[in-house]
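These entries record what I looked up in one protein model, topic by topic. I began with the terms for accessibility and then went from the whole chain to single residues.

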Amino acid sequence: VRDENVEFLSRLAETVYEISSESVSWKRAKKRIVEYSPGLEHGDHIERFLPKVYVSEAARELVCHAVASEIQEQLESGTIVWESNSLYKTDIRPVIESDAIYIVTKEQTIAIDTETGNERWQQSYGGKQPAAVTKSKAYVGGEAVYAFDKVDGTLLWEYENEEPIQAGPVVGEMVVFGDSDGTLVILDSDNGSLQSTLDIGSGIQLIEAIDDSTVVCCEKQSSSNLELKTENGPNDRRWSTGLSEQEAGDNVHVVDTTTGTEQWTTETGTTYFKKVVSAAEGTLFIMKRDGISAVDATTGEELWMHSDLNRLSFASVAATPDTVCITQPSGITVLDSATGELRWNDKTSVDNPLPALVIDDLVIYATREGRVTAYSSQSGTVRWSATVPSISAPPAMDSSGRIYICCSDGRIRCVADN
């Protein structure tokens, strides 16, 4: 409940006081309001805006229902536009490209129409990561890397790797993925032919495109590769971390995919992040042991560091050129991308949180229990919210503001603000 609700709550307090006839503490009434309203996860937010009031036992039930109903009506303006007829159980984030949603499950890749939810095509090749989609193709990494025609789903080519594919693919001028042996593999995007490989050092857990010819990847550091030496050569590191086994953490590497060479690397100092780095127009936002830093993607120079974060374990980061959002079990924190200054936070504790989504001026935060909330990225004001069945994967959003959600019941749901 944020600033726009103060007037409503003040008016409600006067109404409650007028019908009071028996002393029942506000603490009890507040508890009942929270129980009746799934959207009110912080009863103390209400208490800040209300004087201490007393309600009769009989009136309490009526008031609690009225409060829950009116607040839900004010905030929950999001509605389900459609839900898929078929079931697609997945915990992988969907990808939106033009007018289609691309869903990857363990066994299948599916394209769904964004307007109707109808299936356009389906292929019996699954994967472990979101699809990478261009204007003409959709790429998926599973038992192999598969390239599909985006329109009709025809399999155009596949590339079988010796080691299991663990991260990616991402696509720009090349198709890039990482395997469990720590090798970054670079393929021709048109025909899937091998262009080059780069030994990163250990298992690669994440790849994200910085631009068409540069990617950032995250390596799971282990004691077996802490003493890597800097040597001359096109595929060698510029420097190594020199960490002890106790300090071992995820390493972040920036690679030029046209030449297959590493540009620079840095270490995070910890291994307990879900998504350690996010790229936005030439800047990387990297989770580290002591906070989050903004780094120039070309040079590796640190631009700022924000250290005032709690419980950094299992955190993930999402960023745009304007906004950085850190999701943790202790809530979400939103920073200014240019300065690292705190804008706002929501300290709602959630076990195993889904990464938030940042697009334009919105932060979309979904809980596995099925609560979807759209915040203003600038102020933290709740723009709208909606409730769906339990959620199995991070949501995606298109340019019109519609959000696409994979639910645990296997249905894809499209949610939009009324």
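**Entry 1. Terms for accessibility.** I call a residue buried under 20% relative accessible area, exposed over 50%, and partly exposed in between. By this rule D409, with a relative accessible area of 30%, is partly exposed. The model is predicted, and I read every entry below with that in mind.

**Entry 2. The whole protein.** I looked up the secondary structure and found four helices and 33 strands. Of the 418 residues in the protein, 55% are buried. The protein exposes about 18600 Å², of which carbon and sulfur atoms supply 44%. I also checked how far contacts reach along the sequence: among those between residues at least 6 apart, 47% join residues at least 24 apart.

**Entry 3. The nonpolar cores.** I asked which residues touch the most other members of the largest nonpolar core. They are L284, F285, I292, V324 and I326, in a core of 27 residues. Several strands each supply at least two residues of this core, among them β14 (204-211), β15 (214-219), β16 (251-256) and β19 (277-280). Also in that list are β20 (283-288), β21 (291-296), β23 (315-319) and β24 (323-328). With four residues, β20 gives the most to this core.

I then took L284 by itself. Beyond its neighbours within four places in sequence, L284 has contacts that include I210, V216, V254 and W264. Its other contacts include V277, S278 and A279, as well as S293, A294, V295 and A297. I noted a second, separate core of 16 residues, which includes W384, I403, I405 and C407. As general background, nonpolar side chains tend to be buried together in soluble globular proteins.

**Entry 4. V388.** I next looked at V388, which is placed in the loop between β30 (382-387) and β31 (396-397). Is V388 buried or exposed? V388 counts as buried because its relative accessibility is 5%, against a cut-off of under 20%. Leaving aside neighbours within four places in sequence, V388 is in contact with I405 and C407, and its partners also include I80, E369, G370 and V372. R413 and V415 are among its contacts as well. The C-alpha atoms of V388 and C407 are separated by 7.8 Å, although the two residues are 19 residues apart along the chain.

**Entry 5. Salt bridges.** I counted ten salt bridges and examined some of them. R413, one of the contacts of V388, forms a salt bridge with D409, and the closest N and O atoms are 2.8 Å apart. R413 is buried, because its relative accessibility is 5%, whereas D409 is partly exposed at 30%. E83 joins D409 and R413 in a network of salt bridges.

D113 forms a salt bridge with R120, with the closest N and O atoms 2.8 Å apart. D113 has a relative accessible area of 16% and is therefore buried, while R120, at 37%, is partly exposed. In the salt bridge between D336 and R343, the closest N and O atoms are 3.2 Å apart. D336 counts as partly exposed at 22% relative accessibility.

**Entry 6. An open sheet.** I traced an open sheet of four strands in the order β10-β11-β12-β13, with antiparallel pairing. Which strands are at the edges? They are β10 (165-171) and β13 (194-199), each of which pairs on one side only. From one strand to the next, the twist averages 20°. Strand β12 (residues 183-188) and β13 pair in the antiparallel sense over five bridges. I noted that L184 has L198 in β13 as its bridge partner.

**Entry 7. Backbone exceptions.** Most residues other than glycine have a negative phi, and most peptide bonds are trans. I therefore listed departures from this. The peptide bond from G168 to P169 is cis, with omega near 10°, and P169 lies in strand β10. S98 has a positive phi, near 50°, and is placed in the loop between β2 (95-97) and β3 (100-104). At 53% relative accessibility, S98 counts as exposed. E281 also has a positive phi, near 45°, and is placed in the loop between β19 and β20. With a relative accessible area of 70%, E281 is exposed.

Terms used: Residues numbered from 1 in each chain as written. Predicted model: local features only at pLDDT ≥ 70, side-chain atom pairs only at ≥ 80, totals over all residues. Heavy atoms only, no water. Core = buried A, V, L, I, M, F, W, Y, C linked by side-chain atoms within 4.5 Å. Buried < 20%, exposed > 50% of the residue type's maximum accessible area, 1.4 Å probe, protein only. Contact = heavy atoms within 4.5 Å. Areas by Shrake-Rupley, 256 points an atom, 1.4 Å probe, with all protein chains shown as cover. Pairing = 2+ DSSP bridges. Axes fitted to C-alpha atoms, helices over the stretch in contact; angles between N-to-C directions. Salt bridge = Lys/Arg side-chain N within 4 Å of Asp/Glu carboxyl O.
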